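Please have the sequence and the model open side by side. This report covers how the parts pack together, section by section.

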Amino acid sequence: MTDATANGKPQMLTTADGKPLKEALNRAQARARRKAFLLVLPLLAFILITFVTPIAQMLHQSVYNEGFVMHEDIGSGERTPIMTNIKTWFDENPAGTEPNEEAFAALHKDFLLLRELRAPGQAGTRVNYERGGSRSMFTKTARRAERMEAPYMEAFLDVDEEWTDPELWRVMRDASSAYTFNFYLAALDRTKNVDGEIVNVDENRQIYVKLFARTLFLSVLITFLTFLLGYPIAHLLATLPLRYSNLLMIFVLLPFWTSLLVRTTSWMVLLQSQGVVNDALVGMGLLGDDNRLQMMYNQIGTVVAMTHILLPFMVLPLYSVMRPINPSYVRAARSLGATSWTAFRRIYFPQTVPGIGAGALLVFILAVGYYITPALVGGADGQLISNLIAFHMQNSLNWSLAAALAALLLAGILILYWLYDRLIGIDNLKLG
Amino acid sequence: MKLKTALMATALAGVGFAAQAQEVTVMSWGGAYTKSQVEAYHKPFTAETGIKVNSVDADNPATPIKAQVEAGNVSIDVADVEFSDAVRLCDEGLLETIDVSMLPAAPDGTPATEDFIEGALQDCAVANIVWSTVMAYNSENVDGTPTSIADFFDTEKFPGKRGLRKSAKATLEMALMADGVPAGEVYDVLETDEGIDRAFAKLDTIKDDIVWWEAGAQPPQLLADGEVVMSTAYNGRIFNAAVGEDQPLEIVWDGQILDFDLFVVPKGAPNKDAAMKFIAFSTDTQRLADQASWISYGPARKSSGDLVGLYSDGKTEMAPHMPTAAKNLENALVNNFEFWVDMDAELNERFNAWLAQ
Amino acid sequence: MALPNHASTLERVWHYAYLVICGLIFLFLIAPILVVIPLSFNIEPYFTFTEKMLKLDPTGYSMRWYDLLLTFGMLEPEAPRDASWWADAWANANWINAAKNSIIIGFFSTIIATGLGTVAALGLSRPEMPYRRAIMATLISPMIVPIIIVATGLFFFYSRIGIQDWGIPYLGVILAHATLGIPFVIITVTATLVGFDHSLTRAAANLGADPVTTFRRVQMPLIMPGVISGALFAFVTSFDEVVVVLFVGGLDEQTIPRQMWNGIREQISPAILSVATILVIVSIVLLTVVELLRRRSERLRGMSPS
């Protein structure tokens, strides 16, 4: 070191074995980085396989549906392309061409194959997703396909006079390629008209936008209610001496640790029209036996139960922000003449805003995706978008639509999650 | 390999040790209905063949079957489904065909094909029971006595919540009948767009008062708990709750909708041979008659009719509680399976949109 | 929270009103959980307090629903309760089987989540960790993404790869539950490493300890409370999870929540409440363990006890 300064010109620092120190440091740093990364790698790979891939695959499903393109035999797994003749006709004729005899002849050939493969239901279902009433046309026509004779156009019209409906042909044209964005349109209550323009679907078929709106509204309401209930008790917990607040904390942590299904069951027991709350109200004479309140199988049930279930997620972040707030600030404000309300509003409340943000975002994100509780206590009008995704997954089996709805929900959540990370930081997530 | 196992099993059925390893998974509708099948079919089947029967339940087995087959992940061997679902799933190639010649003849020698009532044998399905969707009420909670399906929709005369199955099937028909359409014309009306609108308009009149149910066990529970005063229900569930558990529940037979339940085998069932054996065993004359002593559903074989006697409590005569009893059939509708095969998906879509509005 | 002497009347009124409000909110939090406990001893098949129960008449209470948990699904529930009866219950009772499945699934998913999660947390809390923020966000995301989306994705994924044919029971559910448990392990373990003085490991290395020894003697005691509470969180997550089980679980993979779900939707007998009571007691035990661990962790890290 002394040599270096003695020369007046800084000599490059080296390690004992003569390598430049900077380089060695860099290398050490890189090694440390690699080491750290290697520790994380197994988990990252695990998450990529068991979590990211399945979700990516589901997203693919939302733009890919081969119901009108490919038949897969269930026993042998053999894959047979279907509707190939009509696909050729579509390729040769531009969109909007009126179907002619040639088109119907091609369609007839395809229907014979459908009949043989027992696939008219599958192809019809794909068309039916975009044009109601098509599935029955397909099954009906396939049953008679073998007996049909030229001219085929007449034969088809004989089975169902809607066979020349331009909308039907528009949908078949779209469906004849497996990749499509139409399920996203459907998830937003939109469809394409005959000319391929995007329009709203019939009023009596519009549900998804309404359900997204309801999900948002109920989630905001629930978030607000958890804030309303969570703030006072978080404040109390934060200002009480520790030996009391630790005891009271059990009231927050026990629900947090109790099974979701147990809590939902409890609310069913409480809210039923012959349940504990109604019985108590009738018993106290506040309510006639005939006018018991309907608090379950509707939105009230969903809101009450979810507020209870998500409340700890609001209280815990609030508490962790409130606890370190120094009480002398408020005291100083009071001594300077502020009323207790002003002191709270101007001094205390602003310091708790980060906690409110953290809690509110967390509660909101969790509420938007809720499934179990609305399914059990929500009835028909307390259902959220998740319930509809489950319905399309398990009942209607319109998997592409379920995937499209899920993708929209996921996009919304990821934006909020990103916001959370920006504003609060994932590192600051605390659990009790 | 499978054939060999089957042969071995048959050869050793008397000894019963090789067969122990075998099992068959049967999916049904849960609650009292599954119980009746366990008592009448599963237990004697296991006792005779040594094949273990796993019983699983679903709200409507047709749905998981379809999902399982389409996802290529079949774990069910036998499912109990409604008529239109059986035909529809068969049309779509999701079911194994069933060879009716394997079904045993009636005790008097009548071949199975003649012994089963009309429509009970299909390409891919064998019926076991005739059941019906009926309206029922809790006599302790209703003021007065509802007598017709129209009363179900009359919330002024009979105030209170109504329970309805969360599905278009049967619900739309009932709405039309309540709106004055005679049973014989229901499907003619429902085939038109105006008819469908009319049915939904009728449902609109009580929409706010409806509690929707999905599992067959729910309506007796909802009625008994007082959550609803009237509900549609599967008739056997109400019978079991009323007679078996002494609940004050009554059935109104006016406007009942008759349907079959049929056994089907999904494509790719892991134990297909055992499944076929189970179906042949369960739908013989004696088993079908036995089932009727556990729940009030009519057997699908004519020869079983005479063997139906008392309920398992040993004192209740079953015959008058059957949906097929003459006095219960006065204004009854037979479910038009062809209509529902074609329209099920579409009407349910409309129904769900209506529900969400 | 004591009221100062100079508080005005209005402030006094508000102060007591505030305490009452807080009391009501605490009641709102805890009452629904406690209400099921007495009801699970109801002798009647209803969910309301009968008159006998309110009068604390012992004939209004019974253990019949707990008994039903044992007998439901048994082959010979009426047989005398000797060894073969218990063997029957152990082999066939639905709730016992569900409990077995839940514990098996919970155990293995916890092992996977804790193992991978702890190692990753060690990497994540090193100051040199590259792309820390993005990776952290990815690893925590299973907690944020709605479970229905995860279940939907897994349904397609598992049918595509044919996981049910691999012959490993519960595999699909175990992997899914491990994924869901991982964020909790990461959060709790990294929390114990916050403020960890990395010169300690360097000091250990300086004194001649190899990396394994350093980990075992220096880091492990510090992170152990975090690992255990993370593992408990992961276990509870699995133990409580129903949506993934419903979507991807085999029919014979009945777990306690799935059995509850079926029960609630069909016939909510007080048997459900007796299960609920047992689960509440389990959660009280777990909560106590986690609390003790937290205190231990704080003591170890030299923080003031809180």
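## Chain C against chain A

In this predicted model, 80 residues of chain C are in contact with 77 residues of chain A. Two residues are in contact if their C-beta atoms, placed from the backbone, lie within 7 Å. On the chain C side, the elements giving two or more residues are helix 1 (9–39), helix 5 (94–124), helix 6 (132–144), helix 7 (147–161), helix 8 (171–193), helix 10 (211–240), helix 12 (256–265) and helix 13 (270–300) of chain C. Helices (H or I, at least four residues) and strands (E, at least two) are DSSP runs, numbered from the N terminus. Helix 1 of chain C supplies the largest share of this side, 14 residues.

By class, the side of chain C that touches chain A has 63 nonpolar, 11 polar and 6 charged residues. Ala, Val, Leu, Ile, Met, Phe, Trp, Tyr, Cys and Pro count as nonpolar, Asp, Glu, Lys and Arg as charged, and the others, Gly among them, as polar.

Helix 12 (residues 260–271) of chain A packs with helix 1 of chain C at an angle of about 75°, and their axes are 9 Å apart. Axes are lines fitted to C-alpha atoms, for helices over the stretch in contact, and angles run from 0 to 180 degrees between N-to-C directions. The two helices are therefore roughly perpendicular to each other. Angles under 35 degrees count as roughly parallel, over 145 as roughly antiparallel, 65 to 115 as roughly perpendicular and the rest as oblique.

From helix 12 of chain A come R263(A), T265(A), S266(A), W267(A), V269(A) and L270(A). They meet P32(C), I33(C), V35(C), V36(C) and L39(C) in helix 1 of chain C. By class, this contact has 8 nonpolar, 2 polar and 1 charged residues.

## Chain B against chain C

Here 13 residues of chain B are in contact with 8 residues of chain C. Strand 2 (52–57) and helix 10 (218–225) of chain B each supply at least two residues of the chain B side. That side has 4 nonpolar, 9 polar and no charged residues.

## Domains of chain B

Chain B is divided into domain 1 (2–130 + 261–305) and domain 2 (133–259 + 325–356). These bounds come from an automatic or database domain assignment. The C-alpha centres of the two domains lie 28 Å apart. Each domain gives 16 residues to the contact.

On the domain 1 side, helix 2 (31–49) and helix 4 (83–91) of chain B each supply at least two residues. Helix 4 of chain B has the largest share of that side, 5 residues. The domain 1 side divides into 8 nonpolar, 4 polar and 4 charged residues.

## A helix pair within chain A

Helix 3 (residues 84–92) and helix 4 (residues 101–117) of chain A pack at about 155°, with axes 7 Å apart. Helix 3 and helix 4 of chain A are therefore roughly antiparallel to each other. Helix 3 of chain A contributes T84(A), N85(A), I86(A), T88(A) and W89(A) to the contact. Residues from helix 4 of chain A include E102(A), A103(A) and K109(A).

## Numbering and thresholds

Residues are numbered from 1 along each chain as its sequence is written, while chains are lettered from A and ligands numbered from 1 in the order in which they are written. Local features need pLDDT of at least 70 and side-chain atom pairs count only at pLDDT 80 or more, while totals for chains, interfaces and linings use all residues.
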